[in-house]
Amino acid sequence: MGMSAEEERARSPRDEEWPEAEKAEKLARGAALKWASGVFYRPEKLEGLGQYRSRETQRNSSIQSRLKLLHGQHLLEAHAELMMMEHLRDDILSQLHLRGLSSAQTTVLSYFGGLQELNESLAKQLWDIVGNSLRLVREDPVLFVTAVRIIEREEKIDDTLLLEATFLPPGRPKGWKQKFYQVLRETITGAHFHAPGMDAEGPGLARHLATLQKDIVSELRVVKDLMVQCVPAHYNILSICTATYHQALTSHLQDILREDLDKQALFLLLEWALRVYHSSEMMGHPDLLPEVDVSALGPLMSPELVDQTERKYVVKVKASVLEWMQRTLEVEFKEWFREEEPETDHQGFFQSALPVIVMQMLNENIRVASLITDSLQQKVYNMALEELEAFLGRLREALVQCGKEHQKDRTIPKYYVAYLLAMLNNNLALSSSVSSLHPDTARREVPASLRAALDRTQKKACQLLLEELLLDLQPLCLQLPSRKWLSGSQLVGSMCEVIDKYAKDFSRVRKPIFTLLLTESELLVASQYLRALMQKKMVCKNEEERGQLCDRLLQDATQLRDLFCGLGLDQSQQSLEAVFALRELICLKDPALLSLEVLGFITKYPDVSDEHISTLLDLRGDVSKEVRHMVLEMMAQHPQVLPEGYRPIFSTILVPAPELPFCLRKGKCA
């Protein structure tokens, strides 16, 4: 179907020839010059301009009426008449200017005073049309094309006057093309980015961004498919609109980020700006490519703003992680006071949900961050490690507090040992899982501070378990050495029962921790046994008692050694060997040979002190002052250095201070 007459007249401004404009311009110039020729040479007739007032008033009314039926053809006609009147005025003013009759210009302007109002009325109509351009190019493209043609006419006049004229008439240049761009930009920004305050939190922001995404794609599709057909190619209308959306979005996102957003809102903004915006769902939409290209417009968020937003997000996530971890810790220790043992895994090892909850929470936050940028993932990963380290610190504090409460009443919690064992398994699970937090296997190195925190947590739980073992052993250790013990009491048998009971409990932790607990328990038993011998409770009266002491030491040390061997601790790893070595010092029949025997002893146990040796010599009951002096002198001549890897045993044993001789006031000691 062919175009109507009106559509033909208002066809695309890409047509290079606009006959209406040329015709109007010729008529206007002809009339102006014809009329003015009779005036310029006889300036005294300028008063005769008054006869044209009524005629120009009628012409103004005609133009105004056309400007009020918003219709493409009427706009063109109104503009043609306005141009004719402006040409008339401008030619008169130009001739007067050339003849130096500037005083007469005021009179001329007074007769053409209505033109300014007509210009403003026409401009208002044009900007209303441009402001509705996205709708009009779909519903009534003729009206939009008409507005563009008028703007192009005026732009051509502006360009001609600026290049050729020696006199610029009033109101020139009009600059309507630039105003066209300005109105178009203001229309775009006003429609989407100057709306009343929206809900900047989660769901509200998500809806807002989704609406922006949908509207911008839809409007750019209209610009690309329809509007570009209605304006000259040199308008670069698609590039202008694309840049306008991009710049407006940049400012809009900055405005939103000035709010105190929650972590969900910050994540949405980062995801939208860095992922959605460039995706096939928005600026990379198939309907927009390849004409729409935002790659040359720079990032929607600057690298500095991205970094700042990521840091804000990490702060919010950190607060959430801290809250979750604190709640997990509270629930964990609340379970300690239940009237039942902790849960077990399929192998029977004690455990709780703590490591699973903590690692799932950290893993999920790191995984979510990886959906945005590598830098955000690294920031969240670093935060996760820091928070895990801080969590382990709070966990240790809770263990210490629980231990203090338990010391007040050892029946509470009922399954104190079992929950400590579960905590050790939990710590082991955390230790083995933490290296897998980072998705990149090349960047999974666990910081030394976190490894140290895991180690401290393990040591604290082990320490509390060993303190519990010690509390059960101490009443038995207090009974030795004694003559009842020498005569064959079942004291060490009772100690073995206690140790065996704890060893069965320790079997509910995984092997590396079980071995550690077994090793530390054996060291504890050995040191407590040696400590008891050195409390100066007994001195052998004669050789017979020394023989009994040697027999008892051999039986006790053998029984304890065999017990730990049976539990899985190799004899070479046991500290009880010190009891066998000490026994040799007691069993030596000739005290004169003690120096040589002690030298061998301190070589094997370099942490033994003069006080320890002196106490052992006292225990023998047959060492003279001379021999004692000789032994201690030999030790002074052979200072020992602890070799690397040596496990101290004697340095933890305090020897009671010797009793000072009684002295009278201001007198000599007895």
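These legends describe close-up views of a predicted model. Local features need pLDDT of at least 70 and side-chain atom pairs count only at pLDDT 80 or more, while totals for chains, interfaces and linings use all residues. Residues are numbered from 1 along each chain as its sequence is written, and side-chain values use heavy atoms, with hydrogens and water left out.

**View A. The aromatic pair of Y605 and F650.** The ring centres are 5.9 Å apart and the planes stand at 70°, so the pair is edge-to-face. Rings of Phe, Tyr and Trp (its six-membered ring) pair if their centres lie within 6.5 Å; planes under 30 degrees apart count as stacked, over 60 as edge-to-face and the rest as tilted. Y605 lies in the loop between α23 (594–604) and α24 (610–620), and F650 in the segment after α25 (625–637), so the pair ties together parts that are 45 residues apart in sequence. Helices (H or I, at least four residues) are DSSP runs, numbered from the N terminus. Both Y605 and F650 are buried; buried means under 20% relative accessible area, exposed over 50%, partly exposed in between (1.4 Å probe, protein chains only).

View B. Among the buried residues are F580, R583 and I586. Their cover includes α20 (511–533), α21 (543–567), α23 and α24, where contact means heavy atoms within 4.5 Å.

**View C. The largest nonpolar core.** This core has 197 residues, and F144, F180, I613 and F650 have the most contacts inside it. A nonpolar core is a set of buried Ala, Val, Leu, Ile, Met, Phe, Trp, Tyr and Cys residues joined through side-chain atoms within 4.5 Å. Helix α17 (residues 448–477) gives the largest share, 13 residues. Ring pairs also link F144, F180, Y181 and Y235 into a cluster.

**View D. The salt bridge of K414 and E339.** The two side chains meet at 3.8 Å, N to O; a salt bridge is a side-chain nitrogen of Lys or Arg within 4 Å of a carboxyl oxygen of Asp or Glu. K414 lies in the loop between α15 (374–408) and α16 (416–433) and E339 in the loop between α13 (303–335) and α14 (354–370), so the pair ties together parts that are 75 residues apart in sequence. E339 is exposed, at 61% relative accessibility.

Definitions and conventions
Helix = DSSP H or I, 4+ residues; strand = E, 2+ residues; numbered from the N terminus.
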